Amino acid sequence: MLMSVKPFFTRLWKALASIHLSLILCLLLAADAVWGYACIHRQTALFIPLNDMGLIPWARTWGQSAPATSAWFFLLLILLALLALNTLACTLERLRQLWAVRTQFSLCRFLGKLGPHIMHLSVLLILLGYLASYTLAKTEHGVLLPGRSLDLPGNAGKLHFTAFAHEAYQGKRMPLFQGEVIRPKALLRLEAADGTVREAALGFNRPVRLGGWSVHLEEFAPKHSGGMGLKPRIDLKMRRDPGVQLYFAGILLFCLGLGLYLPERLVQEKHQETHKKPLQGETGRQK
Amino acid sequence: MPSATQVSAAASSIALAAHVLALFLQGFQPRNRALPWCAGTGTVALFLVVLYRYLGAWPMLPMHLAPSLSAALLALFVLVWMVRFQRQESSALELLALRTVLVLLLCCLSATLFFPRDFYLPFLRSDSPFAHLMLLSGACGRVCFVLGTVWSLVFFLAAEEERLPCLKRALVWMVWGFALWTLAMFSGELWSYLGWGTAVVWEDPALLLMMAAWFLAIAVLHLHFSRFLGMRIRAACVAACGLGILVLGLLADFGPFRPLW
């Protein structure tokens, strides 16, 4: 029994590590993403809750409510899972081969050859980060008025809205923005769970972090400087996302891998140019 | 004062006319001294569009500027290439590649002119260095993809002994395109996280087209590991994927057909 199982797993591993599987998956993923574009374009509202709800609650409610429009998304998940397996198998297989011949290369050359594998592993890290983000992240919303405070969930800290400072547009290039607030800035006092206090400015693209939560500015008032505008108010989105560190680490690693791969690739091109060598895989074909 | 849309349309028309003339002259007299002047006029007009729209939206990001910026960068590349042709001997293959780039540039310019989507106002969250980096590296990536596609198309018109260098050039441009496109995607993710709290914002379907183009680029880069595919099939795949990447990379920035004025 064991004798028959081992070749099966070997065959499965080889099939998973196949470059042809990678090519097919990439083409299928591209086609699925185009399908997704058409679906989101037609029915954007269906996918907006996915930003906050997380994957499983969304799949059970919104996802099931319109299977024709959300089918591409579930297919995307399956294809990404297959791509992750394919990438893992392929990378481990090639890393094993590279390690066996490591003494043939100088350190620089070896690092260059390692570049693509670092990129592949970082793609796995990014996918893992997304998975953690869409399954484990918690999102809360809140509104703050000047002088009021808001407790973060689980007593992780307290936000106190001290003042609303903003930058209004005063130029003449965009008449429709004349006098409009273009850089909202909410001054906050952040009290951590251990009692430490610090000041921070919250704005668009400028979140603040406290007690493991990131606080983002969603909306604000007044939109116009001067006149009888609305009373100052900020709408907040608070997220506790364990996937963020993973996918940002993945992005950094991918950039590192790319930085190692590009010089290696160019050196390889120059070398092939000098020696008039055919492309990889071409020799066998020509014969 | 004319609106940004009117200025864009006028300058893009000038650029289109100048590049049509350049393509026409190129066909008859490849070393004509007027050629760089034609291409130069078109390039300046395109950069004026970009500058005008950027100044109009700064510090925010002008909406749907990608086709104009990509066309401007491609036109700049064409101009440099033409100036080089004036100074040194060039091969027939390079001339052919230049003509193909010009044809693709004209396609892009015509689409920008007749299917504009650049009339939207900028939005406050686009005031981020990552948003600007995403636009710039995305546009540079598209230029590389155009060049990769062109060299893979030229492959089919080249003599047997010149085919391999064509495919190699195509793949090198594709590698650079992939690197810049990835940088654009990561910048977009960072911007999205800082602005909305999540790396993917599902309101905007354009990100899926960007992702589709990225997967096609990955497929192109992995093609040379496949030992079953011959050079000709590989070149055809690079050309098809390259054209696919260009369409997907620009589709979200084009609107419905609109008459010029």
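**A walk through a predicted two-chain model**

Leaving aside neighbours within four places in sequence, T162(A) is in contact with L187(A), L188(A) and R189(A). The model is predicted. T162(A) sits in strand β3 of chain A, residues 157-168. It counts as exposed because 12 C-beta neighbours lie inside 10 Å, and a residue with 12 or fewer is exposed.

Most residues other than glycine have a negative phi, and most peptide bonds are trans. N155(A) is exposed, since 9 other C-beta atoms lie within 10 Å.

Chain A holds a cis peptide bond as well. It joins A221(A) and P222(A), with omega about 0°. P222(A) lies in the loop between β7 (213-221) and β8 (233-240) of chain A.

Now take chain A as a whole. It is divided into domain 1 (19-91) and domain 2 (138-240). The centres of the two domains, taken over C-alpha atoms, are 34 Å apart.

What lies between these domains? The largest nonpolar core has 150 residues. Helix α6 of chain B, residues 163-196, gives the largest share of this core, 21 residues. Domain 1 and domain 2 of chain A both give residues to the core, so it lies between them. The residues with the most contacts inside this core are V101(B), M174(B), A212(B), F215(B) and A217(B).

Look at M174(B) in detail. Not counting residues up to four places away in sequence, M174(B) touches F145(B), G148(B), A217(B), V220(B), L221(B) and V238(B). One of these partners, V238(B), is in helix α8 and takes part in the contact between α6(B) and α8(B).

How do these helices pack? Two packed helices are described by the angle between their axes and the distance between the axes. For α6(B) and α8(B), residues 231-251, the angle is about 35° and the axes are 11 Å apart. The crossing is left-handed. From α6(B) come R163(B), L164(B), L167(B), A170(B), L171(B) and M174(B). From α8(B) come M231(B), R234(B), A235(B) and V238(B). By class, this contact has 8 nonpolar residues, no polar ones and 2 charged ones.

Next comes the contact between the chains. It takes 43 residues from chain B and 45 residues from chain A. On the side of chain B, the elements giving two or more residues are α2 (34-57), α6 and α7 (206-222). Helix α6(B) provides the largest share of that side, 14 residues. The side of chain B that touches chain A has 27 nonpolar, 10 polar and 6 charged residues.

A cis peptide bond joins W58(B) and P59(B), with omega about 5°. H64(B) is found in the loop between α2 and α3 too. H64(B) has a positive phi of about 50°, although it is not a glycine. Is H64(B) buried or exposed? H64(B) counts as buried because it has 20 C-beta neighbours inside 10 Å.

Note on methods
Residues are numbered from 1 along each chain as its sequence is written. Chains are lettered from A and ligands numbered from 1 in the order in which they are written. This is a predicted model: local features need pLDDT of at least 70, side-chain atom pairs count only at pLDDT 80 or more; totals for chains, interfaces and linings use all residues. A nonpolar core is a set of buried Ala, Val, Leu, Ile, Met, Phe, Trp, Tyr and Cys residues joined through C-beta atoms within 7 Å. Helices (H or I, at least four residues) and strands (E, at least two) are DSSP runs, numbered from the N terminus. Domain bounds come from an automatic or database domain assignment. Two residues are in contact if their C-beta atoms, placed from the backbone, lie within 7 Å. Axes are lines fitted to C-alpha atoms, for helices over the stretch in contact, and angles run from 0 to 180 degrees between N-to-C directions. A crossing is left-handed if the near helix is turned anticlockwise from the far one by less than a right angle, and right-handed if clockwise. Ala, Val, Leu, Ile, Met, Phe, Trp, Tyr, Cys and Pro count as nonpolar, Asp, Glu, Lys and Arg as charged, and the others, Gly among them, as polar.
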